[in-house]
Amino acid sequence: MQTVRKRRDNDLQTTQTSTPGVLKENKKWQHFHLDLWFCLTLQNWILDFGRPIVMIILPLEWFPLNKPSAGDYFHMAYNVITPFLMLKLIERSPRALPRSAVYLCIITFVMGASIHLVGDSINHRLILSGYQLHLSVRENPIIKDLKPASLIDSFELLYYYDEQLGHLMWYIPFFIILSIYFSGCFTKAKEQKKIPVSGWLLLGPSALYYWYLVTEGQITELFLVTFLTMVAMVIHQQRKGLCPDGNGLFLFYSFSVTVALVALWVVYLWNDPVLRNKYPGLIYVPEPWSYYTLHIKKNH
């Protein structure tokens, strides 16, 4: 009996001494995640935005058309690094989040980004052969005269995988994960309801990248739904006396600036007849690279 009591006393002492450490660790993760936000923004700019640029800059002789290009290797790195950073972001949430939903989103994200990798790689080689991004597949000079004509259907299928299915499987889970993370970023502590100076400096590059993501990825509707969901969360939590912490504010302000940038982009190109013809839908948001091939590359 004395032995049993000693073990219970030791277990109780261990619990009492370890509990404060656990609480301290949880409190630690409630601080601004500068390392993760910086790494996420940096790799987005280099591996995603910089991907088509590096394919243009580097000599074609280094990467034959029948081999992966430098941009393809950038895309491969993005497909590994981004899910890892997203998982680390979820791990640091001060609240317990639905891990099964997160894992399912990560799996779908990797699959969608990988589909896009293949489609985008072939699309870049078509551009080097004269393919014009501001025209539809069937209107492109190098495509419309292909024989047999059924080959055009194959290129349209490639475009569907690259620009539609790949983007949806890539971006829907991406924004779901950010929404899940944002749902855990609410607090009553006043000292946590502010963004440090480093966060404000990172806000501009982060918002500008999301502008590129929304416009080039043609996911305006998805982005607006995500942003409105975040607004609804803020209103709902404020009724409980809770406000976003520094990480939540950083994400919310980044998205707010992105909405403004997308609106300015649409206004700037509102009367462009060529881009209007390519993007005839209710929501008119041209792709930056279509603008590049139409107005910049053509003039050089």
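A residue is termed buried when its relative accessible area is under 20%, exposed when this area is over 50%, and partly exposed in between. By this criterion, in the predicted model examined here, Cys39 is partly exposed, because its relative accessible area is 36%, and Cys243, with a relative accessible area of 25%, is likewise partly exposed. The structure holds 0 disulfides.

The largest nonpolar core comprises 66 residues, of which Trp37, Phe175, Leu178, Leu251 and Phe255 have the most contacts inside it. At least two residues of this core are supplied by each of the helices α2 (34–57), α3 (70–91), α4 (99–128), α6 (150–183), α7 (197–217), α8 (220–238), α9 (246–268) and α11 (288–296), and the largest share, 10 residues, comes from α6. When residues up to four places away in sequence are not counted, Leu178 is found to touch Met86, Leu89, Tyr210, Leu251 and Phe255.

A search of the whole structure for aromatic pairs returns 27 of them. One of these is formed by Trp200 and Tyr253, whose rings are stacked, with 5.7 Å centre to centre and 25° between the planes. Because Trp200 belongs to helix α7 and Tyr253 to helix α9, this pair ties together parts that are 53 residues apart in sequence. Trp200 counts as partly exposed, at 47% relative accessibility, and Tyr253 is also partly exposed, with a relative accessible area of 31%.

Notes: Residues are numbered from 1 along each chain as its sequence is written. This is a predicted model: local features need pLDDT of at least 70, side-chain atom pairs count only at pLDDT 80 or more; totals for chains, interfaces and linings use all residues. Side-chain values use heavy atoms; hydrogens and water are left out. A disulfide is a pair of cysteine sulfur atoms within 2.5 Å. Buried means under 20% relative accessible area, exposed over 50%, partly exposed in between (1.4 Å probe, protein chains only). A nonpolar core is a set of buried Ala, Val, Leu, Ile, Met, Phe, Trp, Tyr and Cys residues joined through side-chain atoms within 4.5 Å. Helices (H or I, at least four residues) and strands (E, at least two) are DSSP runs, numbered from the N terminus. Contact means heavy atoms within 4.5 Å. Rings of Phe, Tyr and Trp (its six-membered ring) pair if their centres lie within 6.5 Å; planes under 30 degrees apart count as stacked, over 60 as edge-to-face and the rest as tilted.
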